[in-house]
Amino acid sequence: MSARRELPSIDSLRYFEAAARTLRFREAARACALTPTAFGQRIRKLEEDLGVELFARTTRHVQLTRSGLALLPLARKCLLAAEACAHIADGPGEGHQALELTLGTRHELGLSFVVPALEAVQERVKGLELHLYFGSGQDLLLRVRSFDIDCAITSSLLNDPKLDAHKIHREEYVFVGAKKLLEARSFTKPEHAGAHVLLDVSPELPLFRYFRDAERAPALAFAKVIRSGTIEAIRMRTKAGAGVAVLPEYLVREDVAKGRLVRLFPRVRLLHDHFRLVFRKDDARRAIYEDIARAFAAIPLR
């Protein structure tokens, strides 16, 4: 096991950067308000701490070694970060390092809501830069749990004790079928289900459960269930008449209003859910996630 090396100080990195920039020790010493002797001692001390030579020095020339070339970009990043730390009380603003987070979401929710809302959210939460990851519900939760992504917007069931969430928008659901399908095959009574195909995401029927578990919902025995993987794929296949499905109301609102999709069993009040911003309970950035959730909640769900 190698011995632990001394961490370089910010001043030592500043002196190194000055010497690397000018390749003239006297000029660098003057810029750092040190005597040439003191400056040379600081550089030698840094080399001793790191266990490498940073400069190849002769009486006429100073050049960076391979180690010096490798250290230079790292030293500059450290100095920029230290400068940002010195101004942390000023709050986020021009010239400050943005807080970069990766936000996960479903494809259809991302394109219909998250992406159009990004600029407004980043305007409300100053100093924030959001990257996006698109995945399925359980995939998103697993990636948040393992810190592969920082947070996620999803309505997936949350039963992991390591995760926490803030509600953003209530999500209503509707049971629908294409008008042309229902004209060909009626679906006004429970016994009609045997002539229809149910479209859902997975064998657990995560969408249909909003109807199935609702109060006074009739038991339905479908001809078969076809899994289509994503909500957007289900919406497209439902509109094409390939089957019936339970879908988020906001996603099919226009199709229902224009009569392309028809509500089934409209007297049954389907269960609802919420879009939530999910993050790890032990994540120290909880306050930031609360701000992000409030910013998304202020934007209407369309």
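Modeller: A salt bridge is a side-chain nitrogen of Lys or Arg lying within 4 Å of a carboxyl oxygen of Asp or Glu. This is a predicted model, in which local features need pLDDT of at least 70 and side-chain atom pairs count only at pLDDT 80 or more, while totals for chains, interfaces and linings use all residues. Residues are numbered from 1 along each chain as its sequence is written, and side-chain values use heavy atoms, with hydrogens and water left out.

By the salt-bridge rule the count comes to 25, and the network you ask about links Glu232, Arg235, Lys239, Glu254, Asp255, Lys258 and Arg260. Glutamate 232 is found in helix H9, which covers residues 231-239; helices here are DSSP runs of H or I with at least four residues, strands are runs of E with at least two, and both are numbered from the N terminus. Arginine 235 forms a salt bridge with glutamate 232, and their closest N and O atoms are 2.8 Å apart. These two residues are separated by about one helical turn, because they stand three residues apart in helix H9.

Arginine 235 also pairs with aspartate 255 in a salt bridge, where the closest N and O atoms are 3.4 Å apart. That pair links distant parts of the chain, since aspartate 255 belongs to helix H10 (residues 249-257) and arginine 235 to helix H9, 20 residues apart.

Leaving aside neighbours within four places in sequence, glutamate 232 is in contact (heavy atoms within 4.5 Å) with Glu108 and Leu251.

Glutamate 17 forms a salt bridge with arginine 76, the closest N and O atoms being 3.1 Å apart. This pair too links distant parts of the chain, with glutamate 17 in helix H1 (residues 10-22) and arginine 76 in helix H4, 59 residues apart. Helix H4 covers residues 66-86. Glutamate 17 counts as buried, with 12% relative accessibility, whereas arginine 76 is partly exposed, with a relative accessible area of 36%. Not counting residues up to four places away in sequence, arginine 76 touches Glu17 and Arg21. Between the C-alpha atoms of arginine 76 and alanine 245, which are 169 residues apart along the chain, the separation is 56 Å.

Residues 24 or more positions apart account for 72% of the contacts with a separation of 6 or more.

Notes. Buried means under 20% relative accessible area, exposed over 50%, partly exposed in between (1.4 Å probe, protein chains only).
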